[in-house]
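Welcome! Here is a short tour for anyone meeting this structure for the first time. Take a look at the sequence and the model below, and then read on.

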Amino acid sequence: MQDMSWLHNPSLKNIHPKKMEIISELIEKVEGKPIMQTLPVLMQANKKLQAEGLSFTEDETGLIMDILTKDMTVQEKAQIEKMKGIIAMQMRK
């Protein structure tokens with residue numbers, strides 16, 4: 001069963017409804033998947049946001065990463081940090 005406790009984070013109180021929808025879909029799609037399978041899903045979420053004329057703030061991105069990495073090992077979290085650079089480059093395209 002999916003942990004939905006992240007929904008109660010105060011940072012999400014005033015988030016745009018479309019952003020919230022995309023975050024929910026993102027978390028549902030990546031839960032329990034290996035790290036390398038999360039990158040395409042993150043990219044897809046970013047493209048969906050851009051199509052709506054939206055983007056995640058740094059705080060929202062940080063919150064998403066916290067949610068996605070909460071059950072990962074230290075090694076997996078280190079890999080995610082490396083992937084952030086790749087994601088940042090792709091988001092600029």
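## Two helices side by side

Helix H1 (residues 17-30) and helix H3 (residues 58-69) have axes that come within 11 Å and cross at roughly 25°. Because angles under 35 degrees count as roughly parallel, H1 is roughly parallel to H3. Please keep in mind that this is a predicted model.

**How H1 meets H3**

- The crossing of H1 past H3 is right-handed.
- On the H1 side, the contact is made by Lys 19, Ile 23, Leu 26, Ile 27 and Val 30.
- On the H3 side, Glu 60, Ile 64, Ile 67 and Leu 68 make the contact.
- Sorted by class, the contact of H1 with H3 has seven nonpolar residues, two charged residues and no polar ones.

**Salt bridges around Lys 18**

- Searching the whole structure turns up four salt bridges.
- One of them joins Lys 18 to Glu 21, with the closest N and O atoms 3.1 Å apart.
- Lys 18 and Glu 21 are three residues apart in helix H1, so about one helical turn separates them.
- Lys 18 counts as buried, at 18% relative accessibility, whereas Glu 21 is partly exposed, with a relative accessible area of 36%.
- Lys 18 also meets the side chain of Glu 52 in a salt bridge, at 4.0 Å from N to O.
- Glu 52 sits in the loop between helix H2 (35-51) and H3, while Lys 18 is in helix H1, so this pair ties together parts that are 34 residues apart in sequence.
- With 43% relative accessibility, Glu 52 counts as partly exposed.
- Taken together, Lys 18, Glu 21 and Glu 52 form a linked network of salt bridges.

**Lys 19 and its surroundings**

- The next residue to look at is Lys 19, which lies in helix H1.
- Lys 19 forms a salt bridge with Glu 60, and their closest N and O atoms are 2.9 Å apart.
- Since Glu 60 lies in helix H3 and Lys 19 in helix H1, the pair ties together parts that are 41 residues apart in sequence.
- Are these two partners buried or exposed? Both Glu 60 and Lys 19 are buried.
- For Lys 19, the relative accessible area is 9%, which is why this residue counts as buried.
- Leaving aside residues up to four places away in sequence, Lys 19 touches Leu 49, Leu 54, Ser 55, Phe 56, Thr 57 and Glu 60.

**A stop at Met 36**

- Met 36 is part of helix H2.
- Is Met 36 buried or exposed? At 57% relative accessibility, Met 36 counts as exposed, because the cut-off for that word is over 50%.
- How many residues apart in sequence are Met 36 and Gln 79? They are 43 residues apart in sequence, and their C-alpha atoms are 9.0 Å apart in space.

How values were computed
Residues numbered from 1 in each chain as written. Predicted model: local features only at pLDDT ≥ 70, side-chain atom pairs only at ≥ 80, totals over all residues. Heavy atoms only, no water. Axes fitted to C-alpha atoms, helices over the stretch in contact; angles between N-to-C directions. Helix = DSSP H or I, 4+ residues; strand = E, 2+ residues; numbered from the N terminus. Parallel < 35°, antiparallel > 145°, perpendicular 65-115°, else oblique. Left-handed = near helix turned anticlockwise from the far one by under 90°. Contact = heavy atoms within 4.5 Å. Nonpolar A, V, L, I, M, F, W, Y, C, P; charged D, E, K, R; others polar. Buried < 20%, exposed > 50% of the residue type's maximum accessible area, 1.4 Å probe, protein only.
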